[in-house]
Amino acid sequence: MDKNAYQNELDMVRFTAAGRAALTEQLMQPQAQPRQRIRPRIAVAAALAAVLLIGSVAAAAGPLWERYFGQLDESQQAIIDTLSKQLPPDECNGTVMTPLAAFGDEDFYYLMLEIRAPEGTILPNYSKDEGYYQLFNDEGEDMTLTDANGQNIRGNLEFEWMPRTGEDNVLTAVIRLWPSEKADYSDGTDKILRLPGLWVQLPDKEYVPVLTGNWEFNIGAHTGGIQRHTLDVSNVTIEDELCGTMTLETLQISPLGMRWRYHWETAQEGIWPGAEIAVVMADGSELYLSSIMGSCDEAEQWNESYGPFEAPIDLDQAAAIRWGDAEIPLN
C-alpha cells in the first residue's frame, strides 16, 4: 500500500517510446462521444445520486470492506457495519469523489473513496508494463491533511486500488492514514483531507494527468466512535539475551490496532530489542498486526510502537495480548 512500493515495482519494467506516446495519446484524447465538460445539471445529479447511496452502502459496509481486508467473519462485519459512515461527496470539474465508508481510531483512519469521472470518460485498465494510477505526481502535488487552521497534520497517507466494478469511468481506492506524530484522528476536531487529482505514472516515472482539481473531505467529522482501551501492564516483563529485562510500560488496544511502549535493562550499541506481539483469541488462535511503525532511543533504552491489525477484530472474542512469552489478560 506504500506508494513508494508501487514506484519501486515499476522501476523493474521499461516502457518504449512508442508505447509511452500511445498511452499518452489515449489519455489525452477524448473517447468516443466525447464530453470535455460535464453539464452542471449532470454534476448535480451525480452528486445527488452519491448522497442517495448512503443508506444502501451503510447497510452493507462489512461486505464492501472485504474488497480491502479480505474475508470477514460475522463479528468483523458487524463491527465495520457499526463503525462505517459515508461522508458527503465532493464534485470538481465534473468528477464526483464519494467517501463510500470511513472509520478510524486515534492512530489509524480508513476511507474508501469512489472516483467517478464525467460521463463519457474512460479510465482504462493498465497492465504493469503500461502504467499505474496515482493520487499524486512528481511535481509535489499529493494528498494532504490539514487542521481547521490550515496547518499540516504530519503523517503518512497511503492508498490501494480496489478491483474494478465494471464501470469504465469509476475507480475506487482505500486511503489509510498513519500519524508520524501523535495526531489523534478521533478527537472530533476538523481534519481536511485534500486530493489534487488523478495521474497515470508511466514505468519511466513520467506522470500523465487524467483528472485535476480540488476535492476536500472533513474526515474529522466522523471516526465511528472507536475507543482505545488501556490495559494494566504492572510488572509485565520478559527477558532478552543481550539487553536483559524488558519492561512493558503501556499497552493500548482498539478493534483496529495496538500501541505499546517498553524499556530495557542494558544498553547494547546498535541493538534495539523487541518481542513478538499478538492478540490471543478465546479459541486459542492468534491475530497479528499487518505492519509496525514507531520510534526508539538506544541511549535511553526505550521503544514505542504501533500498528494496525490485518483486519478489524472483535475485542469481545479476544482473551489476552501476548508479548513475547508474557500474556496480559483482556477483561
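Helices (H or I, at least four residues) and strands (E, at least two) are taken as DSSP runs and are numbered from the N terminus. On this basis the chain comprises 6 helices and 19 strands. The structure is a predicted model, in which local features require a pLDDT of at least 70 and side-chain atom pairs count only at pLDDT 80 or more, while totals for chains, interfaces and linings use all residues. Residues are numbered from 1 along each chain as its sequence is written, and side-chain values use heavy atoms, with hydrogens and water left out.

Confidence is expressed as pLDDT, the predictor's confidence in each residue, from 0 to 100. The chain has a mean pLDDT of 82, with 81% of its residues reaching 70 or more. Among the elements of the chain, confidence is lowest in helix H1 (residues 3-10), with a mean of 35, and highest in strand E1 (residues 90-92), at 98.

Of the 331 residues in the chain, 46% are buried, where buried denotes under 20% relative accessible area, exposed over 50%, and partly exposed in between (1.4 Å probe, protein chains only). Among contacts in the chain with a separation of 6 or more, 64% are between residues 24 or more positions apart.

Two helices, H5 (residues 61-69) and H6 (residues 74-83), have axes that come within 8 Å and cross at roughly 110°. Axes are lines fitted to C-alpha atoms, for helices over the stretch in contact, and angles run from 0 to 180 degrees between N-to-C directions. H5 and H6 are therefore roughly perpendicular to each other, a term applied to angles of 65 to 115 degrees. In H5, Ala61, Gly62, Pro63, Trp65, Glu66 and Phe69 meet Gln77, Ile80 and Asp81 of H6. The residues of this contact divide into 5 nonpolar, 2 polar and 2 charged, with Ala, Val, Leu, Ile, Met, Phe, Trp, Tyr, Cys and Pro counted as nonpolar, Asp, Glu, Lys and Arg as charged, and the others, Gly among them, as polar.

Two strand residues were also examined. Thr172 lies in strand E7 (residues 170-179) and counts as buried because its relative accessibility is 6%. Residues up to four places away in sequence aside, Thr172 touches Arg67, Met112, Leu113, Glu114, Glu160, Trp161 and Met162. Gln201 belongs to strand E8 (residues 191-201) and, at 0% relative accessibility, also counts as buried.

Methods: Contact means heavy atoms within 4.5 Å. Angles under 35 degrees count as roughly parallel, over 145 as roughly antiparallel, 65 to 115 as roughly perpendicular and the rest as oblique.
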